[in-house]
Structure formats: C-alpha cells, structure tokens
Amino acid sequence: MSKRKIIIDCDPGHDDAIAILMAIISPKLDLLGISVEAGNQTLEKTGKNALNIVSYLGKDIPVSLGRGYPLKRKPQICAEIHGESGLDGFTFPNYDKQFDKRDAVAFLKDILLENDKVTLVPTGPLTNIALLIKEHPEVKSHIDEIVLMGGSIGHGNVTPAAEFNILCDPEAAEIVFNSGLKVKMIGLDVTRKVLVLPEIISRMEKYQNKASIMFTALMKVFNENQKKIFGFSGAPLHDPATIVSLLDEETIHFEYMNVEIDVSGGPSYGRTNCDQFNFLKRKPNAYVATKINKDRYWDVVEDCIKRY
Ligand code: BDR
Ligand code: CA
C-alpha cells in the first residue's frame with residue numbers, strides 16, 4: 001500500500017496536537033513536514049509546541065516557521081481556550097530539536113516540488129498556504145488536495161458569523177478557496193458533533209502509552225476551557241477531523257458548493273458563506289463537510305492512539 005503524502009500547516013493548539021499525533025503514527029500517511037503559523041498562541045509558542053510534539057512522540061519530522069502575522073488584519077490569539085503556552089495541561093521535557101532553516105513558504109515550496117500528489121492539511125489560519133500559492137504558483141500541480149479545518153455553514157465560534165481559523169486571516173482564506181485547487185472544508189458544523197466527553201477521555205486513557213498520556217492531559221484542560229466559554233460538556237475535537245477524513249472516507253460526508261469568504265471587514269468578516277442550496281448559481285469551489293459519523297470518528301482516533 002503506498003502511503004498518502006501530507007504536510008500539516010498548523011498552530012498547536014490542543015486539537016492540532018492530536019492531529020499531528022495521528023498523522024505521525026498512521027501507516028496510511030507519510031507526514032513530510034509541519035509548517036507553523038501564529039493562531040492559538042503567538043508564533044514563538046505554537047512553533048515551540050510543534051517541535052515539542054514531534055520530539056515527544058519520537059519522530060524526526062521537519063518543522064518550519066511562518067511569518068507569524070496575517071496578510072492584512074491584526075493578529076489575534078486564543079489563549080482563553082489553549083492557555084498561556086498554547087498547550088496548557090501538558091509539560092514537555094527540554095528538547096534540542098531546531099526549526100528547519102527555511103521559512104514556511106520556502107519549506108513548503110521545496111517539499112512540494114520534490115514530491116507529487118501531496119495533500120495539504122491546514123489546521124490553523126491560512127496565511128502560509130495563501131502566500132505559497134501566490135508566490136509559487138508552480139507548486140499547484142504538485143498538490144493533490146487541501147483538506148482544511150475551518151469555517152462553518154452555520155454559526156461561528158469567535159463572532160456569530162466567523163470561525164477562528166478563517167477569521168484570523170480572511171484574506172488568506174479567500175486566496176485558498178479561489179485557488180482552483182481541490183479544497184475540502186471541515187467546519188464547525190461537523191466538528192462540534194465530536195465532543196471529547198469524559199467517556200472518550202477514559203477510553204483513550206486506558207492505553208497509558210505516550211500518545212494516551214498526552215491526549216488525556218491536554219483534553220482535560222481543553223474540556224475545562226471549552227466548558228467555561230461555551231458551556232460544552234466536552235470540547236469539540238476540531239483539527240483531527242482532517243486526518244480522520246483521510247484515514248476513513250466514510251466518516252465525513254462532503255457536499256460540493258460555492259464558498260465565499262467575507263472580507264468586507266463588517267460584522268460578518270471571516271464568515272464562510274456556503275451556498276449549500278445554490279441560490280447564487282456560482283461555480284462550486286469547495287467540498288464542505290455536512291455530516292459526520294461519531295462512532296467511526298472515535299474509532300479512528302483510538303486506532304491511532306493505541307499504535308504508540
Ligand atoms: C479551530 O480554532 C483553533 O482554536 C483550533 O485549533 C481549531 O483549529 C477551531 O475553530
Ligand atoms: Ca488549530
């Protein structure tokens with residue numbers, strides 16, 4: 001079986017960490033590299049977190065830093081959910097792993113040009129991917145598809161209209177959605193259905209391997225913070241939905257439609273306007289997740305955790 005080549009572009013972040021954990025261990029995936037943006041915390045912290053995650057899990061995956069601020073708007077972080085470190089709840093030992101010397105755009109470009117049929121998996125703001133497409137359009141023929149966590153057909157999670165990853169850099173999202181590449185958008189409509197309820201924590205905790213220990217510690221804090229802000233009884237495990245959709249195509253159902261990013265700067269700034277009923281008769285540009293099978297989802301997550 002040939003492995004599917006992927007690159008994760010992320011802002012770790014509790015749920016980003018679990019997506020990385022899964023991608024590293026899955027026998028179906030070949031994780032070529034990780035690029036990092038600011039998002040859940042500052043770039044200094046999300047970058048360090050990415051290095052720590054791969055070091056802790058014992059895999060020598062190259063990690064590269066993005067520029068750390070969006071194309072046009074002011075940067076924002078999400079410390080109220082992800083804490084002071086961006087990964088509150090779990091403390092890593094000191095590792096000496098260094099960042100790749102190239103900035104994220106050069107790093108992504110080089111890896112893509114050396115490989116064919118690579119799937120990009122963004123789980124943070126889309127700044128790195130937008131800059132890559134703008135500055136190096138020659139990489140497009142090397143990208144199989146972009147499977148991203150972000151957006152929402154319905155409500156947002158930072159404003160009534162907008163989801164965090166898209167709101168962090170709406171202008172970048174607009175470039176990505178209009179790139180002509182195959183884009184799969186996995187938004188809050190489905191990720192808010194996969195909550196890390198206490199029984200899910202117990203289910204993953206029982207393995208007591210590295211992955212299980214990290215999952216349990218991170219998810220306990222993730223849950224507490226989501227409860228404080230949204231009143232959820234379990235945190236939505238957003239970012240791993242990208243990896244689950246690659247590992248088990250039956251888990252998430254997509255519908256092809258036109259998605260327009262609101263870049264007006266008004267109250268709906270950062271909203272993904274998903275024309276599910278084709279009112280506007282525009283050309284579809286994204287496969288949008290509309291349904292998720294919760295049982296299959298947790299089976300895939302568990303299968304990755306128990307492999308450590
Ligand atoms: C997204 O925002 C971040 O806080 C999470 O890591 C996830 O990528 C959910 O809106
Ligand atoms: Ca994220």
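Me: What makes strand β6 (residues 183-186) and β12 a pair, and in which sense do they run?
Reply: In this predicted model, strand β6 and β12 share two bridges in the parallel sense. Two strands pair if DSSP finds at least two bridges between them, so β6 and β12 meet the criterion. Lys-184 has Tyr-287 in β12 as its bridge partner. Strands here are DSSP runs of E with at least two residues, and helices are runs of H or I with at least four, numbered from the N terminus.

Me: How do you know that strand β9 (residues 252-257) and β12 pair?
Reply: Six bridges join β9 and β12 in the antiparallel sense. Within β12, Ala-289 is the bridge partner of Phe-254.

Me: Why is strand β12 (residues 286-292) called largely enclosed?
Reply: Five of the seven residues of β12 are buried, so the rest of the structure largely encloses this strand. Buried means under 20% relative accessible area, exposed over 50% and partly exposed in between (1.4 Å probe, protein chains only).

Me: Why is Asp-239 called buried?
Reply: Asp-239 has 2% relative accessibility, and therefore counts as buried.

Residues are numbered from 1 along each chain as its sequence is written, and chains are lettered from A and ligands numbered from 1 in the order in which they are written. Local features need pLDDT of at least 70, side-chain atom pairs count only at pLDDT 80 or more, and totals for chains, interfaces and linings use all residues, while side-chain values use heavy atoms, with hydrogens and water left out.
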